[in-house]
Each structure stands twice: as C-alpha cells, then as structure tokens.
Amino acid sequence: MKKQKKENFNMIAVVDYGLGNIKAFVNIFERLNIKYIVANTPENLKLAEKIILPGVGAFDTAMDLLNKSGLRDTLEHEIIIKKKLFLGVCVGMQILFNFSEEGSLNGLGWVDGFVKKFDTSKIPFKTKTPHMGWNHVNPINNSPIFLNHPNPSFFYFLHSYYVDCDDTYKIAESYYGIHFISAINKENIFGVQFHPEKSNKNGLLLIKNFIDLNV
C-alpha cells in the first residue's frame, strides 16, 4: 500500500475573522497542494495543525473583529495550551502584543511588547507613512521560516506602525528611517510585519517553510 503524502496530514487554517487577504492565502495553499481550511468557526480551528492569522488595517479594528468573531477563546487554547504552530501577518502580528499607540484596546498579550508609530521626522523619503512597497528583510538567528532565503530578501510591506519588543523574539529586521523588527518568534508563535501572500517567490517560500515546520 502506498503511503499517503505528508500534506494529507498537515491541515493548515487561515483565520477568517473579517480582516485579511484570505483569497491570496488560499491561492498559495492550492499552488503548494496543501490541505487547508478557511476557519470561521471554533470547530474549524480545532481541525488544523497550523494556523495563520492575516490582517490589514487598524489594530483596534482587528481586535474588535476577533473579539466578536467567537474564535478568540478557541484560538488561544489551540495556540497557548495545545502549542499549535502559528503565524500572524501584519496586523495579525501586531495584535499578538500588549497594546498599540494606534488604538485603545488591549492586544492578545501572547508576546510582551507594544506597537509604535513610525516617527516621520526620521524618515528620509518623500513618502513618510504608510511604509508601502518592497523592502529588505534581514533574517537573523537562522529562523527556520527563512530557510533558503537570501539575506537580505525582499518582501512587500504596508504599515505605519511597528512592534517594539525584546530582541530575544526578533528573527528579522528591516529599515525605514530606523531599523525595526519585521519578524518575531516566541516558541510556537511566529509573526511577520510584511505580507508574504503578496511577496511572490519569497513569500511563497516563507509560507512553505512555515507549513513544513514540525509541530
């Protein structure tokens, strides 16, 4: 009897809480022939081995939608208690932290730190904010999600705020007037400030690396 491919046992969920580029992630999963689910119920989240939380827009909007989605308690149980691998993207990374200068709601608090606005007086470019378009990402500490990436790599960004946390969690940094953290890792939790789903081959490779991580 033939062994089934590993992908058949490697269900990945992209969280649908009303915010993020769900279709872009689905296109990548289909291109990689990865078994996936668009998770909009707690039961969906329980089926997955790995979870991606996308995000675009404002911190408070993301937290409000997640709080009202009915998914938060199950999401926290699957990630914090069951230690499923997790990837937060853009605002989906920012809300992992305690709070943001952008709003008044508390974040998830899974990672200690907060979210700050770029100081436009330090940005030596015609366009100040948002930081939008392609920029270098410099991986550090040999994180497995950057396996086989050149250093630096180009990824697509769209944001006016960045995370400020202990360097212990930093696995990549970028420059936009200041050096800022563009990817983090704490145990089973990963986060990226850029949009891998919009970053062509580098984004595809990063998502593949995340999918290939051992649970």
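Which side chain makes a polar contact with the side chain of Glu-197? Select Glu-197 and Asn-21: their side chains are 2.7 Å apart in that polar contact, meaning a pair of N or O atoms within 3.5 Å, one able to donate a hydrogen and the other to accept it.

Before going on, note that this is a predicted model, where local features need pLDDT of at least 70, side-chain atom pairs count only at pLDDT 80 or more, and totals for chains, interfaces and linings use all residues. Residues are numbered from 1 along each chain as its sequence is written, and side-chain values use heavy atoms, without hydrogens and water.

**Stop one: the annotated site.** Now select Cys-90, His-195 and Glu-197, which an unreviewed UniProt entry lists as "active site"; such annotations may be inferred rather than shown by experiment. These residues span 108 residues in sequence, but no two of their C-alpha atoms are more than 10.8 Å apart, so they gather at one spot.

**Stop two: Cys-90.** Look in the loop between strand E4 (85-89) and helix H5 (91-94); helices (at least four residues) and strands (at least two) are DSSP runs, numbered from the N terminus. Cys-90 counts as buried, at 2% relative accessibility (buried is under 20% relative accessible area, with a 1.4 Å probe and protein chains only). Beyond its neighbours within four places in sequence, Cys-90 is in contact (heavy atoms within 4.5 Å) with residues including Gly-55, Leu-158 and His-195.

**Stop three: back to Glu-197.** This residue lies in the loop between strand E12 (189-192) and helix H6 (200-212), and is buried at 11% relative accessibility.

Note on methods: Buried < 20%, exposed > 50% of the residue type's maximum accessible area, 1.4 Å probe, protein only.
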